[in-house]
Amino acid sequence: MDLVELCPALYIKLKPSEIYFSQNRINTVFRGNRLVGGTLDDIMEGRCNIKDIPMISVMNRNGKWVTADNRRLWVFRHLEKLDKCTEITAMKTSFIPESKLNSENGGRTVEFYIGMAATGEWHKKVPTIEIPDSETKQNDIVSELEQLKL
């Protein structure tokens, strides 16, 4: 039995693509000086396991699951795109500091701080980790339907 089954009030299983970033920008380094891009490479190349990444916390905000654990979500989103992670267990929370709620794109994606870039190689194999917004999805559907009529 896993944590979600034992205590569904405290834990939830989600696809990384179902979780939104709370911030606009992230650092390239975790606390303890581990590189974010290097962590992705280490997992993909078997030097560490996805279970070595601490669990993230998520808050339901206006019907969307949002996290303040943005660097870890960056890694999880890449792992999902690389078919190494279909879902993660997250701890539910009811609070994210207002200072960490500064995403300007609805949390669909995140950038590194100005002058910084991800290290490693595996992140380059993923064209985007951005979640399309519903308006974009709707526009894509309309475009597809218009093309079918041609």
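No disulfides were found in a search of the whole structure, which is a predicted model. Cys 48 has a relative accessibility of 15% and counts as buried, because buried means under 20%. Cys 85 is also buried, with a relative accessible area of 4%.

The strands considered next form an open sheet of five, in the order E1-E6-E4-E5-E2, and the pairing within this sheet is mixed. Strands of a sheet pair through backbone hydrogen bonds, and they may do so in parallel or antiparallel fashion. The edges of the sheet are strand E1 (11-14) and strand E2 (19-21), each of which pairs on one side only. On average, neighbouring strands of this sheet are turned by 50° against each other when direction is ignored.

Strand E4 (residues 57-61) and strand E5 (residues 64-67) run antiparallel and are joined by three bridges. Across this pairing, Met 59 stands opposite Val 66 in E5. Helix H3 (residues 70-81) packs on the sheet, where the helix touches E2, E5 and strand E6 (88-92). The direction of H3 makes about 130° with that of E2.

The loop between E4 and E5 contains Asn 62. The phi of Asn 62 is near 55°, a positive value in a residue other than glycine. Most residues other than glycine have a negative phi. Asn 62 is exposed, since its relative accessible area is 75% and the cut-off for exposed is over 50%. A positive phi, of about 70°, is also found at Asn 33, which is not a glycine. Asn 33 lies in the loop between strand E3 (25-26) and helix H2 (36-44). At 66% relative accessibility, Asn 33 likewise counts as exposed.

The largest pocket has a volume of about 440 Å³. Its lining consists of 19 residues, and those closest to the centre of the pocket are Phe 30, Arg 31, Asp 69, Arg 71 and Arg 72. E3 and H3 each supply at least two residues of this lining. The largest share comes from H3, which provides three residues.

Technical notes:
Residues numbered from 1 in each chain as written. Predicted model: local features only at pLDDT ≥ 70, side-chain atom pairs only at ≥ 80, totals over all residues. Heavy atoms only, no water. Disulfide = S-S within 2.5 Å. Buried < 20%, exposed > 50% of the residue type's maximum accessible area, 1.4 Å probe, protein only. Pairing = 2+ DSSP bridges. Helix = DSSP H or I, 4+ residues; strand = E, 2+ residues; numbered from the N terminus. Axes fitted to C-alpha atoms, helices over the stretch in contact; angles between N-to-C directions. Contact = heavy atoms within 4.5 Å. 1 Å grid on protein atoms, 1.4 Å probe; cavity = no way out; pocket = protein on both sides within 12 Å on 5 of 7 lines; lining within 4 Å. Points joined across faces, edges and corners; volume = space filled by probe spheres on them.
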